[in-house]
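Please prepare a briefing on the helix packing in the model below.

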Amino acid sequence: MTRLPLSIALAIVAVLPALGEDVPFAAPPPPNLGQSSTYLASLGDIMGKIQLRHIKLWYAIKSKNWELLDYELGQIRDSFENAVIFYRNIPVDFIVSADKPLIALQEAVKSKDGAKLEGGFADLTTACNNCHKAAQVGFIFIQTPTYSPFSDQKFQPTQK
């Protein structure tokens, strides 16, 4: 008879995540007691920012704009770091899978290796999609951009 209450409790615990957020690790940490409330960007907002930078990264790769590439990679890394800081329950494996292509891309920028850039970009895109699938939002599928929504930005490097 003591197994029945335990079974019911385990069933309730198993169902609770389904009642929560759509993305298992999108819930921000609870605020500390006594801490003033501050704005916290949603995980979706952080990821949307990364998606825009992903597009810019591709056009910087195509234009071989090394300075812009370095800048956009730094911005993407900062956004991923913010996601990890503010949403601490993102599985470490997902962070590592995104970090490896970012490191490879940064090394390709330093060596100005265009072939490695395209491979690193493909790996980063794959890491994004794998994370989306694991987070149960696989319908957010990232691909190589086919056109730039940034008609107001010149991607070719400026001549010095």
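In which kind of crossing, left-handed or right-handed, does H4 pass H5? H4 passes H5 in a left-handed crossing; a crossing is left-handed if the near helix is turned anticlockwise from the far one by less than a right angle, and right-handed if clockwise. The model is predicted: local features need pLDDT of at least 70, side-chain atom pairs count only at pLDDT 80 or more, and totals for chains, interfaces and linings use all residues. Residues are numbered from 1 along each chain as its sequence is written, and side-chain values use heavy atoms, with hydrogens and water left out.

**Overall make-up**

- The protein chain has 5 helices and 0 strands, where helices (H or I, at least four residues) and strands (E, at least two) are DSSP runs numbered from the N terminus.
- Of its 160 residues, 34% count as buried, that is, under 20% relative accessible area with a 1.4 Å probe, protein chains only.
- The accessible surface of the protein chain is about 10700 Å², with 59% belonging to carbon and sulfur atoms (Shrake-Rupley method, 1.4 Å probe).
- Among contacts in the protein chain with a separation of 6 or more, 70% come from residues 24 or more positions apart; contact means heavy atoms within 4.5 Å.

**H2 and H3**

- Helix H2 (residues 43–63) packs with H3 at an angle of about 165°, their axes 9 Å apart; axes are lines fitted to C-alpha atoms, for helices over the stretch in contact, and angles run from 0 to 180 degrees between N-to-C directions.
- H2 is therefore roughly antiparallel to H3 (angle over 145 degrees).
- Residues in this contact include Ile46, Ile50 and Leu57 of H2 and Leu69, Leu73 and Phe80 of H3.
- The contact of H2 with H3 has 15 nonpolar, 4 polar and 4 charged residues; Ala, Val, Leu, Ile, Met, Phe, Trp, Tyr, Cys and Pro count as nonpolar, Asp, Glu, Lys and Arg as charged, and the others, Gly among them, as polar.

**H3 and H4**

- The axes of H3 (residues 66–86) and H4 (residues 92–111) come within 10 Å and cross at roughly 160°.
- H3 and H4 are therefore roughly antiparallel to each other, and the crossing is left-handed.
- By class, their contact has 13 nonpolar, 1 polar and 3 charged residues.

**H4 and H5**

- H4 packs with H5 (residues 114–134) at about 165°, with axes 9 Å apart.
- H4 and H5 are therefore roughly antiparallel to each other.
- Among the residues that meet are Phe94, Pro101 and Leu105 in H4 and Leu117, Phe121 and Cys131 in H5.
- The contact of H4 with H5 divides into 13 nonpolar, 2 polar and 2 charged residues.

Methods
Angles under 35 degrees count as roughly parallel, over 145 as roughly antiparallel, 65 to 115 as roughly perpendicular and the rest as oblique. Buried means under 20% relative accessible area, exposed over 50%, partly exposed in between (1.4 Å probe, protein chains only).
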